[in-house]
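Reader: I have a structure open and would like to go through it piece by piece. Can you take my questions as they come?

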Amino acid sequence: MEEVGVQISQMLCDESTKDNGDVLVAVVGLFLPYEIFFEILSWLPVKYLVRCKCVCKKCYKMIEERSFIMKHLRCSNLVKFYCEDEVENLDVDGIIVQETFKNEQVFAGLSLEKGDISCKYRLRNFTTQEILYLPNPHEDTFRIYIFPLSGGIKLMSFYGDKNSRHVNGLEILNLDKNDKWRPLKFPILQRGQRRFFNNTLPQGLFSNLSEVLIFIWNGCLAFGDLVEEKLNLIVLEDYRMHKWSKTKIVVPLTFLKENPDLKKQVPICLCKDKVWFYSNQGH
Amino acid sequence: MSTAATADASSSGDTTEGSVRLLTLQSEDGEVFEVKETIATQSVTIKGMVDDDCATSTIPVCNVTGRTLAMVIEWWNKHEIGAVSNEKELKEWESQFDTIDDKSDRDDVYDLLMAANYLNIPTLLDCCTSAVAEAIKGKSTDEMREFFDIKSDFDEKEEDALRKENQWAFEN
């Protein structure tokens, strides 16, 4: 069953992307242009999008496309909550123990979770609740990050000394291609296309560095802290030029007054005019 | 626009009523409408023409029938910027899109969508796309196919697999 699903996605990925518009028009008998179809579907809740994916291959492909997913995420509500650490039964040599999956990172509606006993990593899609177990990374992995790259999503694992967090190496997993973890040479990566940049956070901006939050602000890396009901942040606008935003940006979050508990949560993603909070309490 | 058309319509196109200029729009099937410039410029396409001084003669609105264009103009009138629009009346007029039950309702909305897209009227486009989305909510995959006139190109096995993958979405 799963194999068929994979085949379909692969088949659709293989088709060239340039024919989107024309072919959909041909398929949709009623001459609705691609962009209108795109707009209509972007209003739909995920449940009906999933149904719509079965309508035809072009619909499937459009809904799976990153540009559509991002548009749909932007159209969703202002504040989203993510609930619960999930407990699952794990069979260890015939004994059933309970394993808790804790959230490690949230990106583009996906949650990266790690089991506390098996140390297995998995990705969960909040809206569809689909869960994808990842192949095991390097045994000394201490941290995995999700990041977007050339239209898809990749995962990067850092391994090395778990206590000092000294990085000995990197592995990369390409989610689109049923991949295995591949080691990357550090710091210069394959094909010379990917490079690492060192940037230093300007001094004296945050009183307590251990409480500084790291997140994505309109596609750029940002650091910030929550003081009272305000989020103060500084954005790395151009990582190549070491260009930071000139002043701290202050975002008033007045709703925190009514929901003080939210302060303990982490604002993970700031996209255009929306702030996303993810909560692991039962909201 | 061809120069012949410009010369031909120059007498009728550039009329004024008080201080408000009237624009002449001609639908695909030849119907002619006179619309206040302040209203018609809700269309980004027409606004562009006015700004570029290309709206002095009859503006042909290709691909849009007289019937649909009349609906678009009704929309413009009700959404005129600065006009004191009657909330209730506006809601009532918009509510005609709430129920897209039969093929003729659907075709009307599709025609409006195409016109809103061609004339680039973001508010009308939003209204129509969300109305269609509302109409799709609650429909099964087969009903969606019927609604969009799409034939499935999945084989049975593929579709079964897709459904099983997301069983939850197919329960009511």
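Author: What follows is a walk through this predicted model, taken one topic at a time.

Reader: Start with chain A. How many helices and strands are in it?

Author: Chain A has 7 helices and 16 strands. Of its 283 residues, 22% are buried.

Reader: And the contacts in chain A between residues at least 6 apart in sequence: what share joins residues at least 24 apart?

Author: That share is 32%.

Reader: Which residues make the contact?

Author: From H3(A) they are A:Ile36, A:Glu39 and A:Ile40, and from H7(B) they are B:Leu125, B:Thr129, B:Val132 and B:Ala133. That gives 5 nonpolar, 1 polar and 1 charged residues in the contact of H3(A) with H7(B).

Reader: What about H6(B) and H7(B): how do their axes cross?

Author: At roughly 150 degrees, coming within 9 Å. The crossing of H6(B) with H7(B) is left-handed. H6(B) brings B:Val109, B:Leu112, B:Leu113, B:Ala116 and B:Asn117 to the contact, while H7(B) brings B:Leu124, B:Leu125, B:Cys128, B:Thr129, B:Ala131 and B:Val132.

Reader: How many charged residues are in the contact of H6(B) with H7(B)?

Author: None; the contact has 9 nonpolar and 2 polar residues.

Reader: On to the largest nonpolar core. Which of its residues touch the most other members?

Author: The core has 50 residues, and those that touch the most other members are A:Leu41, A:Cys52, B:Ala115, B:Ala116, B:Leu124 and B:Cys128. H7(B) gives the most to this core, with 7 residues.

Reader: What does A:Cys52 touch?

Author: Leaving out residues up to four places away in sequence, A:Cys52 touches A:Leu41, A:Leu44, A:Cys59, A:Ile63 and B:Met144. There is also a second, separate core of 9 residues, which includes A:Phe223, A:Leu233, A:Ile234 and A:Val235.

Reader: How many residues lie between S11(A) and S12(A)?

Author: The hairpin has 2 residues between the strands, and A:Glu228 in the turn has a positive phi of about 50 degrees.

Reader: What else does S12(A) pair with?

Author: S12(A) pairs with S14(A), residues 249–252, in the antiparallel sense over 4 bridges, and A:Lys230 has A:Pro252 as its bridge partner there. S12(A) also pairs with S13(A), residues 243–244, in the antiparallel sense over 2 bridges, where A:Asp238 has A:Lys243 as its bridge partner.

Reader: What is in the turn between S12(A) and S13(A)?

Author: This hairpin has 4 residues between its strands, and A:His242 in the turn has a positive phi of about 55 degrees.

Reader: Last topic, A:Cys119. Where does it lie, and what is its phi?

Author: A:Cys119 lies in the loop between S3 (110–115) and S4 (121–125) of chain A. Its phi is near 60 degrees, a positive value in a residue other than glycine.

Reader: Is A:Cys119 buried or exposed, and why?

Author: A:Cys119 counts as exposed because 12 other C-beta atoms lie within 10 Å, and the cut-off for exposed is 12 or fewer.

Reader: And B:Asn63?

Author: B:Asn63 lies in the loop between S4 (59–61) and H4 (66–78) of chain B, with a positive phi near 65 degrees. B:Asn63 has 15 other C-beta atoms within 10 Å, so it is partly exposed.

Technical notes. Residues are numbered from 1 along each chain as its sequence is written. Chains are lettered from A and ligands numbered from 1 in the order in which they are written. This is a predicted model: local features need pLDDT of at least 70, side-chain atom pairs count only at pLDDT 80 or more; totals for chains, interfaces and linings use all residues. A residue is buried if 20 or more other C-beta atoms lie within 10 Å of its own, exposed if 12 or fewer, and partly exposed in between; C-beta atoms are placed from the backbone. Two residues are in contact if their C-beta atoms, placed from the backbone, lie within 7 Å. Two strands pair if DSSP finds at least two bridges between them. A nonpolar core is a set of buried Ala, Val, Leu, Ile, Met, Phe, Trp, Tyr and Cys residues joined through C-beta atoms within 7 Å. Ala, Val, Leu, Ile, Met, Phe, Trp, Tyr, Cys and Pro count as nonpolar, Asp, Glu, Lys and Arg as charged, and the others, Gly among them, as polar. Axes are lines fitted to C-alpha atoms, for helices over the stretch in contact, and angles run from 0 to 180 degrees between N-to-C directions. A crossing is left-handed if the near helix is turned anticlockwise from the far one by less than a right angle, and right-handed if clockwise.
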